[in-house]
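Subject: Structure handover

Hi,

Here is the structure I promised to pass on. Please open it first, then read my notes below.

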Amino acid sequence: MDAFDSALMAARAQFAITISFHIVLAALSIGLANFLMVLEGLWLWRGQKIYLDVYLYWLKIFALNVAVGTASGLILEYQFGLNWSRLSTQAGDVLGPLMFYEVLAAFFLEAGFLGIMLFGMKKVGPRLHFFATCAVAMGSLISAFWILSANSWMQTPAGYSIGTDGRFMAEDWWAIIFNPSFPYRLAHMTLAAFLGTATLVAGISAWQLLRQPQNPRARLQFSMALWMIVVLAPLQIVVGDLHGQHSLKVQPLKVAAIEGSWTRPPDGAGEPLRVFAIPDMTERRNHWELAIPRVGSLYLRHDLTGTIAALDEFPPENTPPVPIVFFAFRFMVGLGLLMVGQGLTSLVLRWRHRVFTVLWMLRGCVLMAPAGFLAMLCGWVVTEVGRQPFTVYGLLRTADSLSSVSRQQVIGATWTILVFYLLIFGIGLWVLLRILREPPRNDEAGPQPTLADETGQS
Amino acid sequence: MDTDWIVLLSAGALAFSVMNYVLLDGTDLGVGVLMGLTRCGKERRAMAVTILPIWDANETWLVLGGGGLLALFPLAYAILLPALYLPFILMFLALILRAVALEFRDYAPGNRIKRVVDGLLLCGSVLAGGTQGIVLGTLVQGVPNHGGQYRGDGAEWLNLFPLFCGAVLVVGYTWFGACWLYWRTVGELHLRSSLQAKILAAVTVVLLIVLVAWTATLDTRYAQRLSDRLVWMPAMTLLVALLVGFALGFRSRRHFLPLFCALGVFILAFVLMIAALFPMIVPPQLTLQAAASSPKSQMFMLVGFAVLIPVTLIYNTYGFSVFSGKVRVNRD
């Protein structure tokens, strides 16, 4: 049992490592592709060269990011077989097609027009080039659609039947694709990708403004990113609340873990907001609990007395690792509130015409640069650890999903991947930061500026 | 057990994806190998420029192969990947290394570091090509399985046959790379690539013939299939025709001819492999029919495949044609 457990943990760690790196790169691709689409659209519409300069600058970053993103995504397409072959046998009929359509409808669109978007401006002219940019941006969003549909199906399975051999069989594709939790997850994740990109662009622009306060291009991108935060951060909280309300209906156990609620409060007392606690899985209670009474009812039930099902109302063998879910959720919400604050501060400073010059705001934005993506990763921890111990929620246990690969191989591979990723992506990040240190110039060149002239007709 | 037509179409779709990957990204990997072996910085940049706008799209076929195998033949996917655990993981790490090396090389401070980066590109390309050959070799050799799960010791791929397949694929990819560079470059690099392509052609063809003969000794069913006159006679005729085309291609003004003939040789080898295996998907006993997902799932995907793949091919070809023609670089 011990040996089996550690193979299971190593396999889960491997998935967590590969997907965490990939999801940040993929979300940044989604965010940047759409940012670039807006920039190029503004350039074509208004004809001001500043938009083109900022466009070409971020295109360089996009080129590096998207290539590594594709390569890091490859392994995920195969993770389901490498480590989770029983899940693949059981649910391949349903999950496979969703992932297949992601490649067909999204990845090819993205990759097919990527070359033109990156290097082809001089070759095809601005209008066709803008079309290529739009195709890449659409491709990135379509890929989010399909992969989140697959993920959501595992959280809230629908539209299937169970065959004589115990395998999930697809019955109704519409019900599978638009399974109950999918719309919430899609909205929440797409906003997270945009918001993460926005705090990153704002942070980098602030860093550049600290060095070159007058640079108009750094100011433009800083301003655009802050507007995004102003609009998206509060919107994300609304969408997150809807997502939470829905989870309360379909995955009440996950919400109980989020709240750290081991037993239901007495009638009329309402659900408290536990600001801090150390959930204890063996004693099944919290230590060091610091709670505000009734506030939990306010955001969970939108009243002052409502309660939710507590952890002790479910079979104990189905309890997810409560401390991880509990803390990840608080990190996510805390960062979300900070982003709302960042947006409000920017509004006040803008009103006083000081948004580009106040040093503490610039420094604060630099600190907030990774906030969006950190919050996104915390959110994924909440939803993925929160649905443990199941892969297909309520139907297939994680422990029953594993491949028959030897423990040494899984553990060795997981460590190798971790060290390799830290090294490679560490170097990549270092190079990116060196490029980002210099703000966009007047007459920005873009990626491989000579390539268009170097390839030609015979 | 008979194989019904939906399963046959699904197998065709999957084979098409895998073959496209081998042909397209195989060429990129071959260029990566040759880049690492080239001393002149300007030439290395010319090689990089030929593949930079297209490699990402080429690699997407591998994602389609993975998604397709899971979706169309989930049982085969669930058996093959655990059996080839380490080769697959090494392949993905190698492909990441390659992607980073290729995209970041221009930001390398100084020529010596750039040379090191191109050395990493070489390592990544050889490792990726080699592990892909090992995967195909292990598949042909047979994977012990029972009840839809892998039942081996995780080391079948360490046999001589899969390792030989790995070597063949690396040499073959390098051959593609040399033919590609003959097509897309000028001057000294163009001339040297022509010489390399001719030498690699001889080596690859000898290796492939050994490979086919070796395959026939692995399993009596393979031997029966491959020694069938309806199989080997057309195959040999086509091989000779392709090799003649390859040789004559160097005299033509159409510089793409040698590459197309080289790709043709590998299509032929791929078809022979499928002919030997059919109707199995994972030897020694798992058939396409038994590994297939439900007809409902397969139909759902085949419709998408039939509609979207032609469109994909059209815009990929357009994307390729935008950057076609000879590459002439002016800097390192």
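Predicted model: local features only at pLDDT ≥ 70, side-chain atom pairs only at ≥ 80, totals over all residues.

How many Å does helix 4 (residues 121–155) of chain A span between its end C-alpha atoms? The answer is only 43 Å. A straight helix of 35 residues, at 1.5 Å a residue, would span 51 Å. Now look along the helix itself. Helix 4 of chain A has a kink of about 85°.

Next, chain A as a whole. Its secondary structure consists of 14 helices and 6 strands. Along the principal axes, its C-alpha atoms fill a box of roughly 65 × 55 × 40 Å. Take the contacts in chain A between residues at least 6 apart in sequence: 74% of them join residues at least 24 apart.

Now the core. In soluble globular proteins, nonpolar side chains tend to be buried together. Here the largest nonpolar core holds 256 residues. Within this core, Ile229(A) and Ala76(B) touch the most other members. Helix 3 (residues 85–119) of chain A provides the largest share of the core, 22 residues. What does Ile229(A) contact, leaving aside neighbours within four places in sequence? The list is Leu195(A), Ala198(A), Thr199(A), Ala202(A), Met339(A), Gln342(A), Gly343(A) and Ser346(A).

Then the two chains together. In chain B, 62 residues are in contact with 62 residues of chain A. Several elements of chain B each supply at least two residues to that side, among them helix 3 (55–72), helix 4 (74–83) and helix 13 (295–322). Helix 5 of chain B gives the most, with 13 residues. By class, the side of chain B that touches chain A has 40 nonpolar, 16 polar and 6 charged residues.

Find it in the loop between helix 12 (288–291) and helix 13 of chain B. Is Ser293(B) buried or exposed? Ser293(B) counts as buried, because it has 26 C-beta neighbours inside 10 Å and the cut-off is 20 or more. Not counting residues up to four places away in sequence, Ser293(B) touches residues of chain A, including Gly92(A), Asp93(A) and Gly96(A). In chain B, Ser293(B) touches residues including Ala71(B), Pro74(B) and Gln298(B).

Best wishes

Notes
Residues numbered from 1 in each chain as written. Chains lettered and ligands numbered in written order. Contact = placed C-beta atoms within 7 Å. Helix = DSSP H or I, 4+ residues; strand = E, 2+ residues; numbered from the N terminus. Nonpolar A, V, L, I, M, F, W, Y, C, P; charged D, E, K, R; others polar. Core = buried A, V, L, I, M, F, W, Y, C linked by C-beta atoms within 7 Å. Buried ≥ 20, exposed ≤ 12 C-beta atoms within 10 Å, placed from the backbone. Expected span 1.5 Å × (residues − 1). Bend = angle between axes of the 7 residues up to and from the residue.
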